[in-house]
Amino acid sequence: MPEEISMSDAQQSGKRLLLDMTSYQWLVLFAAWLGWGFDVFDGLLFNFVAPNCVPTLLGLEIGSKEAAAATLQWTGVLTAVLLLGWAAGGILFGKVSDHIGRTKTLLLTMLLYAIGTAACAAAPNIWVLMLFRIVASLGIGGEWAAGASMVAEVVPEKRRVEAGAILYSSAPLGLFLATFVNYAIAKSWLVESPSTSWRWVFLTGLVPAFVALMVRVWVKEPERWKQVSALPKPRMAELFTPKIRPYVVSGLSMAVVALITWWSCNAFLPVIATQLAQAKAKTDGLDKSATQALVEGWKTYATSMFNLGGLVGTLLTVPLAKHLGRKKMFFSYFLAAGISLYATWGLELEPTQRFALCFAIGPTVFGVFGSFTYYLPELFPTRLRSTGAGFCYNAGRVVTAAGPFLVGMLAKGGPASLMAALTWVSAVPIVGLLLLPLVIETRGRELED
């Protein structure tokens, strides 16, 4: 459908601004950008507070060997549970988005993950925490498909790649925000109260609920969706018809490789930083307060390097996708991811050197996700867009859930065994190169209505 027909009057009106987009198109992109950024922020707060949260809820002494082992195990378990809930929410709300619209679904999912995350602050035990994480994960999974579809359908065809990459740039910034919030609360404000600081960190997850109000007031349904909304509602079975199935296989295969790599690595980054800092503090004879300060400092450094690299890698998907095409872009990212992961965790390095190398992991392991916000919507027609994109991006999390769980199980022996497990994760993107023949090239293709 020509661009001028696919956009409503509100979307067409107004002066063209940066990237030839109107103020309304930028508003839609900004709303989805906030939704995804806070999605990541809420989803990963647990990774930062786990070393304090898990021992507290299990009645263990923070910093003890028992606490470290329990933190590894429960980080793996709760991350796996989060991914399963994320998958269920993504598939469910992807279909809901095609039924009731992108804007309404974005509002519902943001409220769901905000309330679920904030409720974790009141968890009396690990099982209630798990329940609240499941509630949050349903909204976290559902938000992506609605936001990505909405942006793809509103922005000009020629700017879909740029808009998609900008949309995903909120992910590393969401992680930066999570890093900052945890640092400000756990190191600056309540450094002497690690058994309670994590509750305040979770409580900040309520902020996205206020952003959701902006979506409700100012963002309208895309004209593309409204024009097909009267057609028969999409069914999940349509994704497996001979016509659509190759596109599902293409999107799902790339998403699975990227998801397994990212979650198996990132979920344990704050944990490995904590363990290495505690080992260093013990060697140097630091007291409890100094140890906690070192832990929070190294966690912030490691995750900040990873996030900064992720932001760079996200933006790099624009020139790579437009000049090389989608298939060669995935090849570049997966090959570089395998090399950077092996170098960071497999070589003999000082802890701070490893954390500095997280900047190299970020552009590859993290950055590739900047492509899914435009590649997956490109694969499907409008009436199936959120259903298809949501299925590809989130069904892979069922398989992905095994990654963090296995890393947590294999890494009970301390920092050395955890780094060994993370080194093996470097094989995942290398194996992913074998799936590239399944990828359908979409460079230069307009969205199908």
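The patch lies on the surface and is formed by L111, I115, L206, F210 and L213, which together have about 480 Å² of accessible area. Patches are built from residues with over 30% relative accessible area and no salt bridge, like charges being joined within 9 Å and nonpolar side chains (Val, Leu, Ile, Met, Phe, Trp, Tyr) within 5 Å. The areas themselves come from the Shrake-Rupley method with a 1.4 Å probe, and for residues only the protein chains shown count as cover.

The structure is a predicted model, in which local features need pLDDT of at least 70 and side-chain atom pairs count only at pLDDT 80 or more, while totals for chains, interfaces and linings use all residues. Residues are numbered from 1 along each chain as its sequence is written, and side-chain values use heavy atoms, with hydrogens and water left out.

On the scale used here, buried means under 20% relative accessible area, exposed over 50%, and partly exposed in between (1.4 Å probe, protein chains only). T109 also belongs to α5, but T109 is buried, with a relative accessible area of 0%. The C-alpha atom of T109 is separated by 5.9 Å from that of G142, although the two residues are 33 apart along the chain.

Because 22 of its 29 residues are buried, α6 is largely enclosed by the rest of the structure. At the start of α6, a side-chain oxygen of N125 comes to within 3.0 Å of the backbone nitrogen of W127. Helix α7 (residues 160-168) is likewise mostly covered, with eight of its nine residues buried. Among the buried residues of α7 are R160, E162 and Y168.

Side chains of opposite charge can pair when their charged atoms come close. A salt bridge is defined as a side-chain nitrogen of Lys or Arg within 4 Å of a carboxyl oxygen of Asp or Glu, and by this rule the count comes to 12. One of them joins D98 to R102, with the closest N and O atoms 2.5 Å apart; both residues are buried. Another is formed by the side chains of R385 and E153, at 3.0 Å from N to O. R385 lies in helix α18 (residues 385-400) and E153 in helix α6, so this pair ties together parts that are 232 residues apart in sequence. R385 is buried at 0% relative accessible area, and E153 is buried at 1%. D98, R102, E153 and R385 are linked in a network of salt bridges.

A salt bridge also connects the side chains of E238 and R383 (2.8 Å, N to O). E238 lies in the loop between α11 (223-228) and α12 (245-266), and R383 in the loop between α17 (372-378) and α18, so the pair ties together parts that are 145 residues apart in sequence. E238 is buried, with a relative accessible area of 15%, and R383 counts as buried at 18%.

The cysteines complete the tour. A disulfide is a covalent bond between the sulfur atoms of two cysteines; in the search it is a pair of cysteine sulfur atoms within 2.5 Å. A search of the whole structure finds zero disulfides. C53 is in none, and the nearest cysteine sulfur, that of C120, is 8.0 Å away. C53 counts as buried at 0% relative accessibility, and C392 is buried with a relative accessible area of 0%.

Note on methods
Helix = DSSP H or I, 4+ residues; strand = E, 2+ residues; numbered from the N terminus. Polar contact = N/O pair within 3.5 Å; in protein donor to acceptor, adjacent residues only side chain to side chain.
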